[in-house]
Amino acid sequence: MFKKLDILIIRSFVGPFIAAFTISLFVLTMQFFWLYIDDLVGKGLDLFTVMKLIGLVALFWVPLALPLALLFSSIMTFGNLGESFELVAIKASGIPLLRFMRPLIIITIFISGIAFLFANNIIPVTQLKLSALKYDIIVSKPAIDIKEGIFYDKIDGYVIKLGKKEKNDSIIHDVVIFERSLGGLQDHMLIAESGVMRVTKDKRFLEFILRNGWRYQEKGQRGTTNTEFIRMGFKEYKKMFDLKSFQMNKSGDSAFYDPKMLSIRQLNGVIDSLHNIDTFYRRRTLYEVSPYLRFTKYEDTGWARIDSSRIDRKAKTFNSLLPDSLAFSVLQNAGSQIGTLKGNVNVLANDYTQRYLSLQFHKIEWHRKFTLSVACLVLFLIGAPLGSIIRKGGLGTPLVFAVIFFVSFHLLNQFGEKFARAGEMSPLMGMWLSTMVLIPVGIFLTYKAMRDSQLFNQEFYYRLFKQLRRFWTNFRNRKSST
């Protein structure tokens, strides 16, 4: 099935692809941590939670890392073959470009299938788990780090100030603790010369064993001078602080919902139900709006149409037809009906807008399942002929062109999605915008590569510019001589 030429090209492709995929995945994963670094630092996360977060983020970016890796590795592979003149030897033996691209096209189609399976089956679950874990980390409080000379208020109901801490962070001196008194006159206060601070083995409580201090407390009713002030001295006093608010709680997966968490089959079900939005709101309008429009009950009564020419008197305004005794009550009743009707119509309009946007978002996610997998093939069809044209290997030139085309692809993707979300484009046009723009580019580059185009040859443009300059000089000389 595969000949020696195919094996040569596959071997040349595998190494750059694995390296490009690893680098792309690393960069995209780090992008997440750069964005949420402030929410992650100082939370006291254990190693398992950190590794779980890294794994979920890496899985989430796999469908986007695959097109970038294919683009870069295809440029690099064919650029290396062109730079070492292997590409020239292959073409000289009569093998066309599309023939020695065939094994990589088969591999790209296989990778596109993997990208679709990731987007449809793995990414929804990953997105759900990642959202829950990210929420738990963000809402958890920072880890305990009580510094010297600073009032620490992260423990609910308490403010702690330490004058000095020993190097082991356990022995403390000049301790002041303010305890909130609910319903009391003022906060209770603990002062101690020294003590020991440590967290219990189950990590549920922060334990203070204070020595040589005083506890101050005031009791009584507010607004009176008849209060009781209590001062209690102690040689050793044990104080426990509940650390429940510092522990990272695990949220249930059912607390989160996003169209990205659905597969194709689930999206089809939701979209099908949302497509009946017009029928649903037509029935709802009959129940919530029509009762306030009294003329609608005469819609199908069978009354004959009135001939306006037989009306004896035409009124200038509606108010002139009303008797004075009924004018106030009729206008008041009409204003009340209009106010209620306007409120109901606004509620219906806002609800309809939200359901319509939800339909659009679900359609966007439906198309996204396919666009990222098709992007693998599109970017490969750009990278392979581009590499054979520029004939430059290594990391320099291929990286520059890979970044240019991938940024173009990503920007078109983002623009199309934002236009679709804003209603400026249909989800079909918005999500496939980058594909529709880049496919002609791939066809053009393939056409040029099959004809050994000098599209990116500096010497070709230098000679062309030199000829144009010579032509312009001759033209000016002829014009001056005449």
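## Basis

The model is predicted: local features need pLDDT of at least 70, side-chain atom pairs count only at pLDDT 80 or more, and totals for chains, interfaces and linings use all residues. Residues are numbered from 1 along each chain as its sequence is written, and side-chain values use heavy atoms, with hydrogens and water left out.

## Helix H3

H3 covers residues 47–83. Helices here are DSSP runs of H or I with at least four residues, strands are runs of E with at least two, and both are numbered from the N terminus. The end C-alpha atoms of H3 lie only 46 Å apart, whereas a straight helix of 37 residues would span 54 Å at 1.5 Å a residue. The expected span is 1.5 Å times one less than the number of residues.

H3 has a kink of about 50 degrees at valine 62, shortly before proline 63. The bend at a residue is the angle between axes fitted to the seven residues ending there and the seven starting there. Phenylalanine 85 follows H3 and has a positive phi, near 65 degrees.

H3 is largely enclosed by the rest of the structure, because 26 of its 37 residues are buried. Buried means under 20% relative accessible area, exposed means over 50%, and partly exposed lies in between (1.4 Å probe, protein chains only).

## Serine 73

Where does serine 73 sit? Serine 73 is in H3. Its relative accessible area is 0%, so it is buried. Its side chain reaches the backbone oxygen of leucine 70 at 3.3 Å. Leaving aside neighbours within four places in sequence, serine 73 is in contact (heavy atoms within 4.5 Å) with Phe13, Pro16 and Phe17.

## Nonpolar cores

The largest nonpolar core has 60 residues, of which Leu53, Leu71 and Phe100 touch the most other members. The elements giving two or more residues to this core are H1 (4–35), H3, H4 (86–92), H5 (97–139), H8 (324–390), H9 (396–422) and H11 (433–450). H3 gives the most, with 18 residues. A nonpolar core is a set of buried Ala, Val, Leu, Ile, Met, Phe, Trp, Tyr and Cys residues joined through side-chain atoms within 4.5 Å.

Leucine 53 touches Phe32, Phe33, Leu40, Leu130, Leu133 and Ile137, not counting residues up to four places away in sequence. A second, separate core has 19 residues, including Ile146, Ile160, Met197 and Phe241.

## Valine 27

Valine 27 is in helix H1. It is partly exposed, at 43% relative accessibility. Valine 27 and tryptophan 61 are 34 residues apart in sequence, yet 9.8 Å apart in space, C-alpha to C-alpha.

## Strands

Strands S1 (residues 158–165) and S2 pair in the antiparallel sense over seven bridges. Pairing requires at least two DSSP bridges between the strands. Lysine 161 has valine 176 in S2 as its bridge partner. S2 also pairs with S3 (residues 188–199), in the antiparallel sense, over eight bridges. There, phenylalanine 178 has methionine 189 in S3 as its bridge partner.

Aspartate 174 is in S2 (residues 171–179). Its phi is positive, about 50 degrees, although it is not a glycine. Aspartate 174 is partly exposed, at 48% relative accessibility. Asparagine 212 lies in strand S4 (residues 205–219). Asparagine 212 is not a glycine either, but has a positive phi of about 55 degrees. At 41% relative accessibility, asparagine 212 is partly exposed.

Definitions and conventions: Polar contact = N/O pair within 3.5 Å; in protein donor to acceptor, adjacent residues only side chain to side chain.
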